[in-house]
Amino acid sequence: MRKKACAKCGREEAFSGEFMGAFCPSCFAGTGTLKTGTARLAVCPRCERIRVRNQWSKETPELVLDLAASKVKGRYPVEKAGLVALQKKRNEWLAMVSLQFSAEGKRVEEVQRVRIEVRRMLCPDCHRLASGYHEFILQLRGPPKKVEKMAAWAQEELEKDTLVTKAQEQPQGIDLYIADKHPAMQLVMRLHRPYQATRSLKGVRRGKHHFITTVCIRL
Ligand SMILES: [Zn+2]
Ligand SMILES: [Zn+2]
């Protein structure tokens with residue numbers, strides 16, 4: 001009797017009826033039975049909560065799995081899913097998801113990689129706490145066009161990690177009032193331009209000295 005050989009790995013069928021079409025069960029799992037899309041979420045840089053489907057909640061493996069698995073579509077309905085690994089970068093997470101499904105009466109397990117696009121933004125609670133408060137003033141000085149362009153870019157970049165509570169026009173430029181000093185200072189370092197920094201005591205806030213750092217950059 002002629003034995004069937006797997007179209008992918010060449011392994012011969014050990015038991016009759018073991019194969020799934022032209023493939024052995026393990027190769028069948030990689031034959032495009034599942035397709036993955038890109039998932040999206042937002043992360044708050046202050047409290048680290050995540051927003052999934054318009055709701056802010058604490059990040060849990062279940063929540064990430066649920067989101068990632070919802071982006072996997074196939075010919076066979078997924079019966080069981082698990083989160084194997086999660087790799088995090090600033091603007092992108094990669095979730096390795098294992099999926100079990102039944103195809104032609106057999107159980108198949110396949111691991112898929114799902115890309116999650118990550119947007120950074122303050123959640124409404126952190127946004128409320130940050131508004132009306134600032135630790136940092138970025139003074140941009142120079143020709144009006146250059147200042148305007150830089151202020152718009154800086155505001156967009158800063159709002160990935162903090163809040164710009166006020167943008168005030170000055171005779172020689174613009175002052176940006178920023179809630180958190182660390183992301184503001186990181187932005188200043190990224191510009192690679194000479195700057196002047198001063199620190200002044202604003203008062204006492206919740207039992208702590210509240211300092212304001214002012215950095216002036218000439219464009
Ligand atoms: Zn095979
Ligand atoms: Zn938050």
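The model is a predicted one, so local features need pLDDT of at least 70 and side-chain atom pairs count only at pLDDT 80 or more, while totals for chains, interfaces and linings use all residues. Residues are numbered from 1 along each chain as its sequence is written, and chains are lettered from A and ligands numbered from 1 in the order in which they are written.

Six strands make up an open sheet with mixed pairing, in the order E4-E3-E2-E8-E7-E6. Strands here are DSSP runs (E, at least two residues), as are helices (H or I, at least four), numbered from the N terminus; two strands pair if DSSP finds at least two bridges between them. E4 (55–57) and E6 (78–88) sit at the edges with a single partner strand each, so one side of each has no neighbour in the sheet. From one strand to the next, the twist averages 30°. E3 (residues 50–52) pairs with E4 in the antiparallel sense over three bridges, with isoleucine 50 opposite serine 57.

Helix H2 (residues 61–69) packs on this sheet, touching E2 (39–43), E3, E4, E6, E7 (92–103) and E8 (106–120). Contact means that C-beta atoms, placed from the backbone, lie within 7 Å. The direction of H2 makes about 110° with that of E6; axes are lines fitted to C-alpha atoms, for helices over the stretch in contact, and angles run from 0 to 180 degrees between N-to-C directions.

Further along, E13 (residues 208–218) pairs with E9 and E12. E9 (residues 136–141) runs parallel to E13, joined by six bridges, and phenylalanine 136 has threonine 213 as its bridge partner. E12 (residues 195–205) is antiparallel to E13, over 10 bridges, with leucine 201 partnered by phenylalanine 211. Two residues lie between the strands of this hairpin, where arginine 206 takes a positive phi near 50°.

Terms used:
Contact = placed C-beta atoms within 7 Å.
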